[in-house]
Amino acid sequence: MPESSTPKRRGRLFRCGAAFVALLAVAGYLVVQYVTGGSGGPGCKVVSGDGDGASYEFTPEQAVNAATITAVGTARGLPERAVTIALATALQESALRNIKHGDRDSLGLFQQRPSQGWGTPKEIMDPTYSAGEFYDHLVKVPGYTRLPLTVAAQRVQRSGFPQAYAKHEPDAALLAAALTGQSAATLSCEGRPAATRASGPDGVRAALVRDFGRDVLEPAGAEVSGSSTAAPTPSPSTTGGTGGRTVTLPVTADTSPAGGRSLDQRGWQLAHWAVANASELHIARVTYAGREWVAGNTVGAWRGAAEKGTAGAERDADAVRIVTMR
């Protein structure tokens, strides 16, 4: 073999080796993204219940925060318009991320400032607290439900860019309709597990109480034990058919003047909440009203439960069933 061919062969081997290493790196990255839920890109989608083709894609992190903001609002008996205003505000201020930085001492989902009396830094970084503070200020705005969204939001936030909230109204309205239960089977996520410790049914129940509050879940048949300062959880309503991994939430209509949500709306609110929290809480499946969502399928969409051979009891419309991965 001529000596001149040896360097060329070594060069080809080197390039092949480099390409192989690059492919391994890409494969490793994709595996990590799948296992961790791919927090860097959209993994959730909400579509219009009106069939007009409107949709919004967002990340599992944003889904969790949007679900919390919505639950806090509905737990206070506030209308869907209040939730839309809150979601649009958080989309503008933090892109629905609970960030630890901002202009001057601004923090959290709504970029609230400790120096302006919004709370301590620790309190503001609690999404449930910060959402509650936003609603406390919003309901003090006279006629806020009739005001343009950007005006209502600005009365609370006093931002240097008061017109910026308006561009988020379409996406916020889609999220609010789904997460309040106004539109059925319109929110879906891939449900890839995030890099958090799976806590099973106890974690799901604790998160439900954290977001909706003790008084909202008790009428629905989910008894609560423990104190609010020690991550209270409802007592188990767990079936053994899936190894004690199913949290069952009986659904009752909210006929109070403050709430006024039908049984179907309450059920879809809880079902969509579970899907929004699927990656964080390692939820594998959610069923309600003859429909089911299953983690890990290609589109993460809702389908008829009968297509998967789900037991007839799980197709009842009087309960939301949440199956965890462990």
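**Terms and values**

Me: Why is W268 called buried?

Reply: W268 has a relative accessible area of 3%. Buried means under 20% relative accessible area, exposed over 50%, and partly exposed in between, with a 1.4 Å probe and protein chains only. W268 therefore counts as buried. The model is predicted, so local features need pLDDT of at least 70 and side-chain atom pairs pLDDT 80 or more, whereas totals for chains, interfaces and linings use all residues. Residues are numbered from 1 along each chain as its sequence is written, and side-chain values use heavy atoms, with hydrogens and water left out.

Me: What makes the pair of W268 and Y288 edge-to-face?

Reply: Rings of Phe, Tyr and Trp (its six-membered ring) pair if their centres lie within 6.5 Å; planes under 30 degrees apart count as stacked, over 60 as edge-to-face and the rest as tilted. By this rule there are six aromatic pairs. For W268 and Y288 the centres are 5.3 Å apart and the planes stand at 85°, so the pair is edge-to-face. W268 belongs to helix α10 (residues 263-276) and Y288 to strand β8 (residues 283-288), so the pair ties together parts 20 residues apart in sequence. Helices (H or I, at least four residues) and strands (E, at least two) are DSSP runs, numbered from the N terminus.

Me: What is the geometry of the aromatic pair of W268 and W302?

Reply: The pair is edge-to-face, with 5.0 Å from centre to centre and 75° between the planes. W302 sits in the loop between β9 (291-294) and β10 (303-304), 34 residues from W268.

Me: Is W302 buried or exposed?

Reply: The relative accessibility of W302 is 8%, so W302 counts as buried.

Me: Which residues form a cluster through ring pairs?

Reply: F110, F134 and Y135 are linked in this way.

Me: Which members of the largest nonpolar core touch the most other members?

Reply: I69 and Y135 do, in a core of 71 residues. A nonpolar core is a set of buried Ala, Val, Leu, Ile, Met, Phe, Trp, Tyr and Cys residues joined through side-chain atoms within 4.5 Å. Helix α3 (residues 80-94) gives the largest share of this core, eight residues. Leaving aside residues up to four places away in sequence, I69 touches A86, L87, A90, L96, L109, F110, A131 and Y135. Contact means heavy atoms within 4.5 Å.

Me: Why are α5 and α6 called roughly perpendicular?

Reply: The axes of helix α5 (residues 127-138) and helix α6 (residues 149-157) come within 9 Å and cross at roughly 110°. Axes are lines fitted to C-alpha atoms, for helices over the stretch in contact, and angles run from 0 to 180 degrees between N-to-C directions. Angles under 35 degrees count as roughly parallel, over 145 as roughly antiparallel, 65 to 115 as roughly perpendicular and the rest as oblique. The two helices, α5 and α6, are therefore roughly perpendicular to each other. F134, H137 and L138 of α5 make the contact with A152, V156 and Q157 of α6.

Me: What is the order of the three strands in the open sheet?

Reply: The order is β2-β1-β3, with antiparallel pairing. β2 (55-58) and β3 (187-189) are the edge strands, as each pairs on one side only. The average twist from one strand to the next is 15°. Two strands pair if DSSP finds at least two bridges between them. Strand β1 (residues 44-47) is joined to β2 by four bridges, and K45 stands opposite E57 in β2. Helix α7 (residues 169-179) lies across β1, β2 and β3, at about 85° to β2.

Me: What makes strand β7 mostly covered?

Reply: Four of the five residues of β7 (residues 246-250) are buried. β7 pairs with strand β11 (residues 319-324) in the antiparallel sense over five bridges. V323 in β11 is the bridge partner of T246.

Me: Where does Q111 lie, and what is its phi?

Reply: Q111 lies in the loop between α3 and α4 (121-124). Its phi is near 50°, a positive value in a residue other than glycine. At a relative accessible area of 13%, Q111 is buried.

Me: Why is A289 called partly exposed?

Reply: The relative accessible area of A289 is 29%, so A289 is partly exposed. A289 is in the loop between β8 and β9 and has a positive phi of about 55° although it is not a glycine.
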